[in-house]
Amino acid sequence: MANSQAITTSFKLEVLSGVHALGVTFSRTITTVDSFKAALYVASATVDATTAAYSATNEVSGTGYTAGGVVITNANVPAAAAGTAYWTPSAGISYTGVTLSNSFDTVLFYNSTIGNRSVAVYTFGAQTITTGNFTLVMPTNDQTTGLLRLT
Amino acid sequence: MINGKPMLWCGERGHLAYEDLVYESGWEEGDSHIKFWERWMKDGEEVKSNAHVYIKRGIESVAVQEKM
């Protein structure tokens with residue numbers, strides 16, 4: 001055996017659970033699981049890694065869609081394997097009975113408990129929906145395909 | 001069924017006879033997703049559509065540690 005430097009797997013996992021605070025600008029007053037939401041954005045928007053929080057600007061609008069999007073089902077606790085911490089929503093995300101006439105191609109996951117702070121952005125190719133359903137089916141929740149992975 | 005004809009609910013347009021609609025569908029595959037879409041057209045106008053996206057693989061953030 002020999003020593004080797006690494007960012008520990010436990011730290012990556014605990015980052016996903018809010019255990020560590022390397023900064024002093026924010027303190028949590030709650031100890032329960034946060035609520036997360038998924039909002040859709042039109043294809044002409046600029047939602048990317050610099051997006052710090054949810055905004056209604058360039059969010060889709062239309063019949064059946066509520067600004068802010070839908071709540072993400074979160075029954076999965078973060079887990080780790082092979083040096084990678086990961087987390088995936090425990091159910092797909094559905095927008096049912098919607099008419100979204102403006103082409104959209106992006107979903108923003110954000111923390112609606114903590115100031116609507118952003119988590120991740122996913123794109124899926126431009127789409128419109130007429131009086132129908134749009135669903136996002138989640139990948140397998142593991143260290144290889146999980147929706148959020150810190151490796 | 002209305003008057004023995006199968007119908008499709010198309011929101012503001014109400015129930016439309018299925019036989020009057022043209023069905024189209026397709027698959028798209030990107031690096032991280034697969035999308036199935038379907039739509040029903042009447043007289044060249046989309047009257048109903050659905051889309052389902054399977055996220056094949058989420059996003060990975062690689063932790064970088066500088067050597068000491």
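Helices (H or I, at least four residues) and strands (E, at least two) are DSSP runs, numbered from the N terminus. The model is predicted: local features need pLDDT of at least 70, side-chain atom pairs count only at pLDDT 80 or more, and totals for chains, interfaces and linings use all residues. Residues are numbered from 1 along each chain as its sequence is written, with chains lettered from A and ligands numbered from 1 in the order in which they are written.

**View 1. Chain A, overall.** Chain A has 1 helix and 7 strands. From the N terminus on, the order is α-β-β-β-β-β-β-β. Its C-alpha atoms fill a box of roughly 60 × 35 × 25 Å along the principal axes. Mean pLDDT (the predictor's confidence in each residue, from 0 to 100) is 92 for chain A, and 98% of its residues reach 70 or more. Confidence is lowest in helix H1 (residues 9–16), at a mean of 88, and highest in strand S2 (residues 70–71), at 98.

**View 2. The largest nonpolar core.** A nonpolar core is a set of buried Ala, Val, Leu, Ile, Met, Phe, Trp, Tyr and Cys residues joined through C-beta atoms within 7 Å. A residue is buried if 20 or more other C-beta atoms lie within 10 Å of its own, exposed if 12 or fewer, and partly exposed in between, with C-beta atoms placed from the backbone. The core has 34 residues; A:Ala39, A:Tyr41, A:Val107 and A:Leu108 touch the most other members. Strands S1 (36–42), S4 (84–87), S5 (93–111) and S6 (117–137) of chain A and strand S5 (45–55) of chain B each supply at least two residues. S5(A) gives the largest share, 9 residues.

**View 3. The loop at A:Gly64.** A:Gly64 sits in the loop between S1 and S2 of chain A. A:Gly64 is partly exposed, with 16 other C-beta atoms within 10 Å. Leaving aside neighbours within four places in sequence, its contacts (C-beta atoms, placed from the backbone, within 7 Å) are A:Gly97, A:Val98 and A:Thr99. A:Gly132 is 68 residues from A:Gly64 in sequence and 9.5 Å away in space, C-alpha to C-alpha.

**View 4. Where chain B touches chain A.** Here 27 residues of chain B are in contact with 30 residues of chain A. On the chain B side, S5(B) gives the most, with 10 residues. S6(A) and S5(B) pair (at least two DSSP bridges between two strands) in the parallel sense over 4 bridges. The bridge partner of A:Thr135 in S5(B) is B:His52.

Definitions and conventions
Contact = placed C-beta atoms within 7 Å.
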